[in-house]
Structure formats: structure tokens, C-alpha cells
Amino acid sequence: MVTLQINGEKYTIDVAPDMPLLWAIRDVIGLTGTKYGCGKGLCGSCKVLLDNSPVQSCVIPVSAAVGKNILTIEGTSKNLQLLQESWVELNVPQCGFCQPGQLIAATALLDKNKNPTDTDIEDAMIGNICRCGTYQRIKKAIHKTVELKNQHS
């Protein structure tokens, strides 16, 4: 049995310690917002925050997440909420499949950098592949989120 802290709630589950975290989150706990993409940690669709750092949950074993705070797309944080508002306002997603991972990566960026440049955004988002090519919309939405944050402070 392992206990995971996901989005502020504790889940005790009976899984092998080497099970990929993604399977525990999606298949055992039932939080299906985090997506399976490549299964090799290359596309970023499965990103979650593990103690505020973005990780590819398809290659992280459950045992590595025990005792840490996990934030998925179903969770809440100020930056994630504002990013979601910007995503909707600027109509960022096309197919939407990669968007949970994109939003988690953008949340990690804004948690560490209050006013990222285009280069900062490109560097932070480089591990997230969007087959629809919404990269420019994503960049605009991150800048829009910075504007929203500045209006609220």
C-alpha cells in the first residue's frame, strides 16, 4: 500500500512501487485529466507537478512520489486557474490532448518566473509537444496570464 497526496487529498492505493505514476493517477485513482501520450517521457502530455517541479508521470514510479505533493490538471493553484482562464479566452486548444501537460508546464514556469520572456516560455515549454501546433497561442496565453496576475495584485 502506498499513500499519495494528489491535489491536496490523500489516496491510499494497493499498487506495485514501480508502477508508473500516470497509471496510478488515471487507472487506479480515476483522475483522467492527465493524458498518456508517448509513454517514454518525450511528449509532455502526462506532466504533473511533483513538489512544484514538472515531471513526466509516465516514467516516474509511484514510489518516487510518496511523501510529495502532486498537482494534476484537476488540481487548483492561482497560476493554474489564471492560465485556464487565458487558455479559454484565447481559444488555445485545438484537439486539446496535450493541453493538460501544457498547462502544468506553464504553471511551473509562472510559479518560478513572474514575468517570463518569450525565450523563458520557449525554454520551459520545450518538453511539451503539440501536434496541432498551438505554440504561438500558448505563448500568448502565458503572457495574458501575467497581465491578469498584474491586474489582480
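Leaving aside neighbours within four places in sequence, S86 is in contact with A141, K144, T145 and L148, where contact means heavy atoms within 4.5 Å. I begin with this residue and shall then turn to the salt bridges, the domains and the backbone.

First, the basis of what I present. This is a predicted model, in which local features need pLDDT of at least 70 and side-chain atom pairs count only at pLDDT 80 or more, while totals for chains, interfaces and linings use all residues. Residues are numbered from 1 along each chain as its sequence is written, and side-chain values use heavy atoms, with hydrogens and water left out.

S86 lies in helix 2, residues 78-89. Helices (H or I, at least four residues) and strands (E, at least two) are DSSP runs, numbered from the N terminus. Is S86 buried or exposed? With a relative accessibility of 0%, S86 counts as buried. By buried I mean under 20% relative accessible area, by exposed over 50%, and by partly exposed the range in between, with a 1.4 Å probe and protein chains only.

The structure holds 2 of them. The term denotes a side-chain nitrogen of Lys or Arg within 4 Å of a carboxyl oxygen of Asp or Glu. As a general point, side chains of opposite charge can pair when their charged atoms come close.

Which residue forms a salt bridge with E89? The partner is K144, and the closest N and O atoms are 3.4 Å apart. E89 lies in helix 2 and K144 in helix 5, so this pair ties together parts that are 55 residues apart in sequence. K144 is itself buried, its relative accessible area being 19%. The side chains of E89 and K144 are also joined by a polar contact of 3.4 Å. A polar contact is a pair of N or O atoms within 3.5 Å; within protein, one must be able to donate a hydrogen and the other to accept it, and residues adjacent in sequence count only if both atoms are side-chain atoms.

In the other salt bridge, the side chains of E122 and K139 meet at 2.6 Å, N to O. Here E122 belongs to helix 4 and K139 to helix 5, so parts that are 17 residues apart in sequence are tied together. E122 counts as partly exposed at 41% relative accessibility, whereas K139 is buried, with a relative accessible area of 11%.

The loop between helix 4 (118-125) and helix 5 (135-152) contains T134. T134 counts as buried, at 2% relative accessibility. Not counting residues up to four places away in sequence, T134 touches V92, Q94 and Q99.

I turn now to the domains. The protein is divided into domain 1 (2-71) and domain 2 (78-152), with bounds that come from an automatic or database domain assignment. The C-alpha centres of the two domains lie 21 Å apart. To the contact between them, domain 1 gives 16 residues and domain 2 gives 14 residues.

How much area is buried between domain 1 and domain 2? The figure is about 1100 Å², of which carbon and sulfur atoms give 60%. Buried area is the accessible area (1.4 Å probe) that two parts lose on being put together, summed over both. Across this interface the rule finds 0 salt bridges, but 4 residue pairs are in polar contact, both residues being at pLDDT 80 or more. On the side of domain 1 that touches domain 2, the elements that give two or more residues are strand 3 (47-50) and strand 4 (53-56).

Strand 3 also has a part in covering helix 1. In helix 1, residues 21-29, the residues L21, L22, A24, I25 and I29 are buried. Their cover includes strand 1 (2-6), strand 2 (9-13), strand 3 and strand 5 (69-71).

Finally, the backbone. Most residues other than glycine have a negative phi, and most peptide bonds are trans. G30, which follows helix 1, has a positive phi near 95°. N52, in the loop between strand 3 and strand 4, has a positive phi near 70° and is not a glycine. N91 likewise has a positive phi, of about 50°, without being a glycine. N91 lies in the loop between helix 2 and helix 3 (99-112) and counts as exposed at 51% relative accessibility.
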